[in-house]
Amino acid sequence: MISWLTTTDHKRIGILYIVWTGLFFAIAGILAMLIRTQLARPDMTFLSPHAYDQVFTLHGTAMIFLFVAPFGLGLANFLIPLQIGAPDMAFPRLNATSLWLFVFGGLTVLSGALAAGGAASAGWTAYAPLSEIQISAGAGQDLWIVGLLMVSVSSILTAINIVTTVFLLRAPGMTMWRIPIFSWEMIATSLLILMAFPPLATVLAMLLIDRHLGGQFFDPQHGGNPILYQHLFWFFGHPEVYVMILPYFGVVTEIIAVFSRKPVFGYVELVLSAFAIAGLSMGVWAHHMFTTGAVANGFFAGMSFLIAVPTGVKFFNWIGTMWKGSIEFATPMLFAIGFLLNFLIGGITGVMVASPPIDFHVHDSYFLVSHFHYVLGGGSLFAIFGALFFWFPKIFGVKLDERMGKWCFWLMFVGFNATFFPMHFMGIEGMPRRVYTYPALGDLPWLNMVATVGAAIMALAVIVFLVNVVVSSLAREHVGDDPWGGYTLEWATTSPPPEFNFTSLPPIRSERPVFDLHHPEIFEQPAS
Amino acid sequence: MKTFVSLFLSSAAFGIVIAVIYWISSRDSTGTLLLGLMATGLTFAAGYAILAEREANLDGDSKTVRNADVAGEDLGIYTSSSAYPILMALAVLTFLVGAVWSPFILFTGLLAILLILWRLGAESNRT
Amino acid sequence: MQIFNPASVQGATLRGDWIVFLVAAAIVGVVLYALILWPLYAWRRRSGDEALPPQFNKNQRWSIVYIGLPLLLVAVLFYFTLTKERSVEALAASPYATVDVTAYRWSFRFTYPGAGITVSGTPQADPVLVLPVGKTTQINLYSADVTHSMWIPAFLFKRDAIPGYTNHFDFTPTKTGEFRGLCAQYCGLDHTLMHFNVRVVRAGVYQRWLHSHGSIPL
């Protein structure tokens, strides 16, 4: 047991990330169920207003900072050295430090629930002046800040590790243009983290200074400016959403290619579009501020529309990968397809809210809640499940049950869409976000009830997944190196891999070294 | 290394271009400064890589190297376990908690951080 | 649906943007859904079929299409966005009426300068904002404490109330009646109860109401 606390093996660290993010996901999911219970009907008193405010704050904070983003980093931790043919990450102890900073940071954020005034309750965005000491006086807000400072440092250190590892530790023949798309997406993700997290750490420190050290950065009565908070926060906050999707673009690329029996279509385009997205994403932050009247709406609208183009390119690359392929509907592929269908909707509503005239109506309404849940839930969450089903055998040596996997997918797909599609209409009808109840007007009551039922179905899907994990682990259906017919180097070693990963490596002459190994008729292997 | 340099330099260049366009369309100093500082940081990283590039001759960058020719090469030293990471995380937590609630706890945390960094340095030199 | 029945001139312009985008969304959605679903049907693996499909991995002609067309679409959407926003945010040189709106935790205060009328609400008692139909009222929006937002769904419009910053915008209502208003920026415990009512009346009624210092019932 102690060895798990002192491990520096990237595979064990990856597993710890998956386990801890899973725990935080379960907590955030329970918080979501509390929200949907409170909102099932108008004027319910299941949660008090103060309790509700803490619940949605921690739900957003935990899902974003403690689940979606770090799961991607944890998956990268496990996969990158294997995919590039390296024995470990470049800085193993730094890697472990990142993990524990993340774990203790997350626990600190959540520990606010035990504080006298309760947990942080200013939303995951914690706008000043609402989050200033005069208005949010409790220790919960401070613990939130401290915890997120630790998570920020953790992410920055991981980004440094990933970039160094991929650039310096590639196996012989593994040129940059042969590394898997997942590894490229992680480089882009790491670049974003390096550019975006320091501003977050800065604004969190400024808030702390305002709260406890006599600062007045955001207090207009003393020369401060609340809009400054928004600029700094969103300069981080927008790239953060790309940190939360780029790894999963990589995941679905790998899965779609393998289960279509085709090479990745548009490899170069996928790489260039990742960096186009990363670069552009640094220039769109104030599309979160269209209704402030204090920013150059036209500039940000234009940049936001532009970002849709490289994202669209990726969609065409994925379609091209499936085109004229031989498609197998294994569970990972079902989740990847679900990703495509859901993320498309989220992307379309994203382009809609990128237009200020539309945003003037639906900003901070349930339309927006629907948009970001479609990209993060319908997108990232589906890719996370796809990744779990796809790489579970590699990580643990045991395959997850396919029939339960399919049940999990269909429950999740139906539940997710039932929960979040109605929210488009709730928002258009005038339901704002972050409210503990709503009037019994128009369609709001039945739309909310449908959303609550959908959420219950999603919860069932998660339970089916957990049962699957337990049952499959007990059944111990051991797998060999390559249960799926994979392409990339992680499938060239045992499941799970030995310490330091490879006893020998196949020749690397393309972005599909394991495929090349198994299909010499397609690719002439040089004598080696 | 060439890819690293091109990546960071083109990102920096892109940042400068966007910063200029942003300034012209908004005259907002906050966003312009953020974009400009970002471009500066990226340039530093690229600059360091250019200097380091002189020594890099990675097997990974060769399209035609054969595994048999480079088998058995030293890949460096990789730790398999260390207590310092979890201790460092605890030290940082202590430091930050102290920053909010107690200077005494803050200094304890700071001391712990420095101590761990010193011991980490020693651990690195030994391996 | 709300977006198709706005109650103001500015709202009608905003509805125009909605229609453009909904049409674009529908086209993109249908085309992309078809492109995603078609391969799943046409090239699903039949049992026992172990053959490798053709291993192509790029197509330059299609690349030009799927980079070029979205760029074109985005340019069109940008054009509509810019023109409609400019129109909606334009301020009349001499508005028929002016109201100073101050948002505070947790209601709104409406002040009609010159008429000596101030109306303040509480979370339990929604204040009423009176506007003349067919005429332009300029709103000056302030905040007394944290960041709030003033949203009138019937006008398809909201703007934030930020402490230390003033926002100015026009409403030109096109229908009489009563409409909901609410705060749309989370501001703490009773954010949920921070509502107001918008009463749009004929200009004559509005003038009489103003001259009576808000004492005649509407």
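Residues are numbered from 1 along each chain as its sequence is written, and chains are lettered from A in the order in which they are written. In this predicted model local features need pLDDT of at least 70, side-chain atom pairs count only at pLDDT 80 or more, totals for chains, interfaces and linings use all residues, and side-chain values use heavy atoms, with hydrogens and water left out.

Start with how the chains meet. A contact means heavy atoms within 4.5 Å. Chains B and C do not touch. Their nearest C-alpha atoms are 13 Å apart.

Now follow chain C. It has 3 helices and 10 strands. Helices (H or I, at least four residues) and strands (E, at least two) are DSSP runs, numbered from the N terminus. The order from the N terminus is α-α-β-β-β-β-β-β-β-β-β-β-α. The radius of gyration of chain C is 25 Å, well over the 17 Å from the globule rule for 218 residues, so the chain is more spread out than a compact globule. That radius is taken over C-alpha atoms, and the rule is 2.2 Å times the number of residues to the power 0.38. Along its principal axes, the C-alpha trace of chain C spans about 85 × 40 × 30 Å.

How much of chain C is buried? Of its 218 residues, 48% count as buried. Buried means under 20% relative accessible area, exposed means over 50%, and partly exposed lies in between (1.4 Å probe, protein chains only). Take the contacts in chain C between residues at least 6 apart in sequence: 66% of them join residues at least 24 apart.

Next come the empty spaces. Rolling a probe the size of a water molecule over the atoms shows where empty space is left. On a 1 Å grid over the protein atoms alone, a cavity is a set of points where a 1.4 Å probe fits but cannot get out; a pocket is an open set with protein on both sides within 12 Å along at least five of seven lines; lining residues have an atom within 4 Å of a point. Grid points are joined across faces, edges and corners, and a volume is the space filled by probe spheres set on the points.

The structure holds 4 cavities of 30 Å³ or more. The largest cavity has about 80 Å³ of space. Its lining includes A:Y17, A:F65 and A:E240. In chain A, α3 (49–84), α5 (139–168) and α7 (226–243) each give two or more residues to this lining. The largest share, 4 residues, comes from α3(A).

The second largest pocket has a volume of about 800 Å³. It is lined by 28 residues, and A:P87, A:P172, B:E73, B:D74 and B:L75 lie nearest its centre.

Finally, look at the backbone. Most residues other than glycine have a negative phi, and most peptide bonds are trans. A cis bond joins A:S495 and A:P496, with omega about -5 degrees. Another cis bond runs from C:R105 to C:W106, with omega near 5 degrees. C:W106 sits in the loop between β1 (97–104) and β2 (107–112) of chain C.

A:A126 is not a glycine, yet its phi is positive, about 45 degrees. A:A126 is buried, with a relative accessible area of 0%. A:R476 also has a positive phi, about 55 degrees. A:R476 is exposed, at 55% relative accessible area.
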